[in-house]
Amino acid sequence: MFTGIVEELGEVTAVENLDDASRFRLRGPVVTQGAQHGDSIAVNGVCLTVVDHEGDEFTADVMAETLDRSSLGALAVGSRVNLERPMAVGGRLGGHIVQGHVDGTGAIIDRKPSDNWEIVKISLPADLSRYVVEKGSITVDGISLTVVEAGPDYFTVSLIPTTLALTTLGLKQSGDPVNLEVDVIAKYVERLLGAQGEQPVALPGIQGSAR
C-alpha cells in the first residue's frame with residue numbers, strides 16, 4: 001500500500017528485454033535504504049518487487065501484462081522515474097490510498113504555467129472517466145493529485161512548484177504517456193452497488209430506506 005507521496009526522482013540505469021518481460025535496474029538512494037529481496041517499490045505508480053539490490057540501485061522484473069497496461073515499456077536508460085516505498089504501519093497517509101495497480105494510461109494534452117503553479121490537462125480512457133470526480137483523488141505516475149476539472153475524456157490537475165521540481169511531471173511534455181490509478185474506493189462502491197442491483201443499502205439502526 002502506498003500514499004502517492006513520491007520519495008525521490010530516480011533513474012533507469014539498465015534495461016534488459018526478455019521474451020515476455022523486461023528487467024529494469026533503477027537508481028534510488030532513498031528507497032534502497034534497508035531494501036531487501038522481495039520488498040515492494042512503486043515505480044511511476046507501478047508496484048514492483050525488488051529482485052536484487054546493490055548500493056543505491058535495485059533490479060525489478062516487469063511482466064508483459066504490466067508492460068501492456070502501463071507506460072513502463074517506454075522507459076529507457078536515463079529515464080527519470082518516481083519512486084516510493086510502501087507506507088509503514090502507523091505512518092501518515094499524506095496522499096490517499098494507492099495500490100500501485102495501474103488502471104490505464106493517459107497522455108499529457110496541455111500545460112498552462114503561471115507564477116505559482118501549473119495546470120496540466122491529461123487524457124482519460126473512457127472506461128475510467130466514471131471514477132474521476134472534481135476534487136477527488138487520482139494517481140498520476142505514482143503521484144497523489146487532486147482533480148481540478150473532470151471532463152468526459154480528460155481531467156486537469158494543478159501542480160505546485162515542489163511537485164514540478166521533485167517528480168516526473170515537471171519533465172513531461174505534451175504527448176508523453178502517464179500511468180493512471182483511480183481511487184479504489186470508487187471501484188468497490190460501484191461493485192457493491194452492482195451486487196445490490198443498485199437498491200438502497202439499509203444502514204444499521206436506521207429504519208426505512210433512503211430517498
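The side chains of Glu57 and Thr13 are joined by a polar contact of 3.5 Å. A polar contact here is a pair of N or O atoms within 3.5 Å; within protein, one must be able to donate a hydrogen and the other to accept it, and residues adjacent in sequence count only if both atoms are side-chain atoms. A polar contact of 3.1 Å links the side chain of Glu57 to that of Arg27. The model is predicted: local features need pLDDT of at least 70, side-chain atom pairs count only at pLDDT 80 or more, and totals for chains, interfaces and linings use all residues. Residues are numbered from 1 along each chain as its sequence is written, and side-chain values use heavy atoms, with hydrogens and water left out.

Glu57 lies in strand β5 (residues 57–63). Strands (E, at least two residues) are DSSP runs, numbered from the N terminus. Glu57 counts as buried because its relative accessibility is 16%, and buried means under 20% relative accessible area (1.4 Å probe, protein chains only). Beyond its neighbours within four places in sequence, Glu57 is in contact (heavy atoms within 4.5 Å) with Thr13, Arg25, Leu26, Arg27, Thr32 and Asp52.

Strand β5 belongs to a barrel. Six strands close it in the order β1-β2-β5-β4-β3-β6, with antiparallel pairing. From one strand to the next, the twist averages 45 degrees. Axes are lines fitted to C-alpha atoms, and angles run from 0 to 180 degrees between N-to-C directions. Two strands pair if DSSP finds at least two bridges between them. Strands of a sheet pair through backbone hydrogen bonds, either parallel or antiparallel.

Strand β1 (residues 8–17) is joined to strand β2 (residues 21–27) by six bridges, and the two run antiparallel. They form a hairpin with three residues between them. Val15 has Phe24 in β2 as its bridge partner. Val12 stands opposite Leu26 in β2. Strand β1 is also joined to strand β6 (residues 80–84), by four bridges, again antiparallel. There, Leu9 stands opposite Asn82 in β6.

Ring interactions were also examined. The count of aromatic pairs is zero, where rings of Phe, Tyr and Trp (its six-membered ring) pair if their centres lie within 6.5 Å. The charged end of Lys121 sits over the ring of Tyr154, 4.3 Å from its centre. This term requires NZ of Lys or CZ of Arg within 6 Å of the ring centre and within 35 degrees of the ring normal.

Note on methods:
Buried < 20%, exposed > 50% of the residue type's maximum accessible area, 1.4 Å probe, protein only. Phe/Tyr/Trp six-rings, centres within 6.5 Å; stacked < 30°, edge-to-face > 60°.
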